[in-house]
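User: Hi! I'm new to reading protein models, and I'd like to go through this one with you step by step.

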Amino acid sequence: MSERVVEELSGSVLRLTLNRPEKRNAMDREMIDALQAGIGRADLDADVGVVVIQGAGPDFCAGADLAELLGSAEKPPDENARDAAHLGKVFEMLRALPKVVLAVVRGRALAGGCGLATACDLVLAHEDATFGYPEIRRGFVPAMVMAMLRRSVGEKVAFDLVATGRSISAREGVALGLISRIIVGDRFEMDVEDVIAKIAASSVSALSFTKQQLYALDGLSFAESIALGAKTNAAARSTPDFTNAVSAFLKK
């Protein structure tokens with residue numbers, strides 16, 4: 001277990017807690033390594049059905065460790081490209097993981113931290129949470145996170161967010177499609193756990209098919225999407241979860 005990311009498995013739920021509260025959970029190489037390891041564990045462990053990513057302390061994640069990032073300014077471009085791809089791999093792993101990933105966001109989710117939340121399948125946000133991509137204000141580019149952002153909110157809104165670097169509230173984030181839902185402060189813990197429990201109680205195979213089908217639609221034509229859906233539909237009918245659940249329903 002890495003000090004940078006605390007892993008906790010409870011039932012079928014694996015929690016990955018970003019654990020640098022004194023740095024607002026800024027991501028350095030060690031934390032990125034630990035995130036990759038945690039996602040890899042979720043992929044290989046049949047007992048894991050749901051992954052929850054959250055932050056220790058008052059904030060979710062402030063993005064990349066700026067001191068570490070500044071230290072890379074004098075490195076050659078190919079070395080920096082490899083370093084950037086190291087974080088990019090986390091986003092790719094989250095998208096490819098055949099299990100549901102939820103981001104639970106309190107406080108600030110900024111820059112790469114906002115990208116990390118957006119890379120998850122669901123984002124549950126405290127009503128006081130804030131989101132943003134302030135890289136432009138630091139002479140930097142939110143290059144990789146735009147892959148998720150553009151898919152979530154569309155081109156015009158994505159460009160607005162990255163070109164201005166403005167922060168938005170959880171309420172605006174819901175309206176724009178950046179996050180899934182807001183949870184009121186005094187019910188936050190209870191309602192978050194309720195959402196997690198409901199997803200964890202769902203069919204693992206059906207959730208896996210659903211996630212893979214949704215993301216596989218990128219770039220497909222309408223006809224191709226329907227054809228892929230037909231194949232997924234056929235595959236789902238052969239699973240024990242389907243036959244058991246439908247048989248039980250028909251016996252009521």
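Predicted model: local features only at pLDDT ≥ 70, side-chain atom pairs only at ≥ 80, totals over all residues.

User: Is Ile 136 buried, partly exposed or exposed?

Analyst: Ile 136 lies in the loop between strand S7 (130-132) and helix H5 (146-153). Its relative accessible area is 42%. Buried means under 20% and exposed means over 50%, so Ile 136 is partly exposed.

User: Which residues does Ile 136 touch, not counting those up to four places away in sequence?

Analyst: Let's look further along the chain. Leu 161 is 25 residues away from Ile 136, and their C-alpha atoms are separated by 9.8 Å. Leaving out residues up to four places away in sequence, Ile 136 touches Val 162, Ala 163, Thr 164 and Gly 165.

User: How are helices H9 and H10 oriented to each other?

Analyst: Start with the axes of H9 (residues 204-216) and H10 (residues 222-237), which come within 10 Å. They cross at roughly 170°. Angles over 145 degrees count as roughly antiparallel, so H9 and H10 are roughly antiparallel.

User: How do the residues of the contact of H9 with H10 divide into nonpolar, polar and charged?

Analyst: On the H9 side, the contact is made by Phe 209, Gln 213 and Ala 216. H10 brings several residues, including Leu 228, Gly 229 and Thr 232. The residues of this contact divide into five nonpolar, four polar and no charged.

Terms used. Residues numbered from 1 in each chain as written. Heavy atoms only, no water. Axes fitted to C-alpha atoms, helices over the stretch in contact; angles between N-to-C directions. Helix = DSSP H or I, 4+ residues; strand = E, 2+ residues; numbered from the N terminus. Parallel < 35°, antiparallel > 145°, perpendicular 65-115°, else oblique. Contact = heavy atoms within 4.5 Å. Nonpolar A, V, L, I, M, F, W, Y, C, P; charged D, E, K, R; others polar. Buried < 20%, exposed > 50% of the residue type's maximum accessible area, 1.4 Å probe, protein only.
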